[in-house]
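Set the values against the definitions.

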Amino acid sequence: MRSQDSDALPISIRGVTKTYGAVHALDDVSLEVKSGEFITLLGPSGSGKTTLLMVIAGFTRPDCGSLKFGEREVIRTPPHLRDLGMTFQSYALFPHMSVAGNVAYPLKLRKLQKAEIAERVEKALETVQLGGYGDRRITQLSGGQKQRVALARSIVFEPRILLMDEPLSALDKKLRDQMQIELRHLHEKLGMTTVYVTHDQREALTMSDRIAVVNKGRIMQLASPRELYERPANRFVADFIGDSTFLPVERSGEQVSYGGMPLKFVQAPPDTPTLALMVRPERIVLSSEGPREGANNFAATAVEVVYQGDSYLLHARLDDGTLIALRGGVRGASLSALPNVGDKVTLTLAPEDTVLIDGSEA
Ligand code: ADP
Ligand code: MG
C-alpha cells in the first residue's frame, strides 16, 4: 500500500506530563520515534502506556509538553485531524455491519468515492490476509480474524502513523505468536511509524525495533531489544525483561567485588551509588571441573533440578544464602552430569556475561 518509507512521519514527544489528581499517569515523558520505526511501550499495568498512546492520538490532553508529527506541532490538533490509524485490545468493530462495511468506515468518513472505497477495502483485506471476506458478518469470524479486520480498518486510509494498544491480548497464545509475526511483516511492508503497547515482554522483544520500558509514568530505558536484555539500565528493567538474580557487590575504585571476591568483567559498570551483579539463568554455567580460571566462580549447593524437556533448570544456593537459577541444555551426556539435590557445585560466569547495573530499586 504505502510504498515509500519517506511517507512515514517521526514523532517527537517532549516533556509530557499528565496527572489525574495525585496520580502521575505520565511524568515528564520525552520520546523520539524515528520515521518508519516500530516502537513498543512495555510496562506493567497502570504504568501509563495507554495514557501516552491517548496523548499521541489526541484523546487525552496532557497538562504540559509538546507533541510533533514531523515538523508539525499537534498537541492542540483534534484526533480526527491527526491522520493516524489505531487498534485496541477490544476490536471495537460494528457487529451489525459486514467486514467490508467495517473496513470502509474511515473512508466513508473521509468522503471518498464508492469505487475507490471498494478498491481500497479489498486491498486492505488482502494485506491482512482476508481477501474475499468482505461480505462476511463480523459474528461469523474467529478472534484472530476480527483482530485482522480491526487492523485492516486502521490501515485502509494509509495513515502515516499507526497506534496499537494491546491488540493481541484477547487472543490465545498460538494465534498471538502468529499474529506477532504477521504484524511485523505488515509493518515491514507498509513502513508506517508504529507505536505499539504491550505488557508482554516476549511480544515486545519479538516485534520491536526499539522498546521503551515504562514504569510509574516514566520511561526507564529506551533501547533495542538486545541492548535492553543484555544491558538493562536498572533493576526494574532487568527484572521486567527476562529472569535474573541480583547479587550485591561492593565497589572500591576500579575494583568490584562480590563477597570479598574481585569480579572479572568487560563492560565498565555504571557510575551509580550502588551496583548489583545481574545474573541471567542462561548465562551462568555449571562447571563440571570446578572453578575455572579467567571466569568468576561461585560455590553453591544444588537445591532443585527441574527437567523441562528442551532444557533443565537448576536452583542453587550460594554460600550467602542467595538462591540462583541456572538454565542449561539437555543434549547428550550433560544430562547424566546433572547434580543431585544437596551436591556442592561450582557456577561460573564469563567476564563478558558479568553485567553490573545500577543497584537501586527503581
Ligand atoms: P497502562 O495502560 O500502562 O495500564 P494507564 O495509562 O491506563 O496505564 O494508566 C496510568 C495511570 O493513570 C493509572 O494509575 C490509572 O489508574 C490512571 N488513569 C488513567 N486514566 C485515568 C482517568 N481517566 N482518570 C483517572 N485516572 C486515570
Ligand atoms: Mg493500558
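The questions below take up the sheets, the domains and the salt bridges in turn.

This is a predicted model, in which local features need pLDDT of at least 70, side-chain atom pairs count only at pLDDT 80 or more, and totals for chains, interfaces and linings use all residues. Residues are numbered from 1 along each chain as its sequence is written, chains are lettered from A and ligands numbered from 1 in the order in which they are written, and side-chain values use heavy atoms, without hydrogens and water.

Q: Why do β7 and β8 count as paired strands?
A: Strands are DSSP runs (E, at least two residues; helices are H or I, at least four), numbered from the N terminus. Two of them pair if DSSP finds at least two bridges between them.

Q: What makes β6 and β10 edge strands?
A: The open sheet of six strands has the order β6-β7-β8-β3-β9-β10, with mixed pairing. Both β6 (84–87) and β10 (218–223) pair on one side only. From one strand to the next, the twist averages 15 degrees.

Q: How is helix α4 placed on β6 and β7, and at what angle to β6 does it run?
A: Helix α4 (residues 143–155) lies across β6 and β7 and runs at about 165 degrees to β6. Axes are lines fitted to C-alpha atoms, for helices over the stretch in contact (heavy atoms within 4.5 Å). Angles run from 0 to 180 degrees between N-to-C directions.

Q: Why do β4 and β5 count as a pair?
A: Strand β4 (residues 64–69) and β5 share two bridges in the antiparallel sense, and the rule asks for at least two, so they pair. Phe69 stands opposite Arg72 in β5. These strands belong to an open sheet of four, in the order β2-β1-β4-β5, with antiparallel pairing. Its edge strands are β2 (23–33) and β5 (72–73).

Q: What is found in the hairpin of β18 and β19?
A: Strand β18 (residues 312–318) and strand β19 (residues 323–328) pair in the antiparallel sense over six bridges, with His315 opposite Ala325 in β19. Four residues lie between the strands, and Gly321 takes a positive phi near 95 degrees.

Q: What area do domain 1 and domain 2 bury between them?
A: About 870 Å², with 50% of it on carbon and sulfur atoms. This is the accessible area (1.4 Å probe) that two parts lose on being put together, summed over both. In domain 1, Tyr229, Arg231 and Arg235 lose the most area to domain 2, together 66% of what that side buries.

Q: Why is the pair Arg283 and Glu230 called a salt bridge?
A: A salt bridge is a side-chain nitrogen of Lys or Arg within 4 Å of a carboxyl oxygen of Asp or Glu. The closest N and O atoms of Arg283 and Glu230 are 3.5 Å apart, so the pair qualifies. Across the interface of domain 1 and domain 2, the rule finds one salt bridge.
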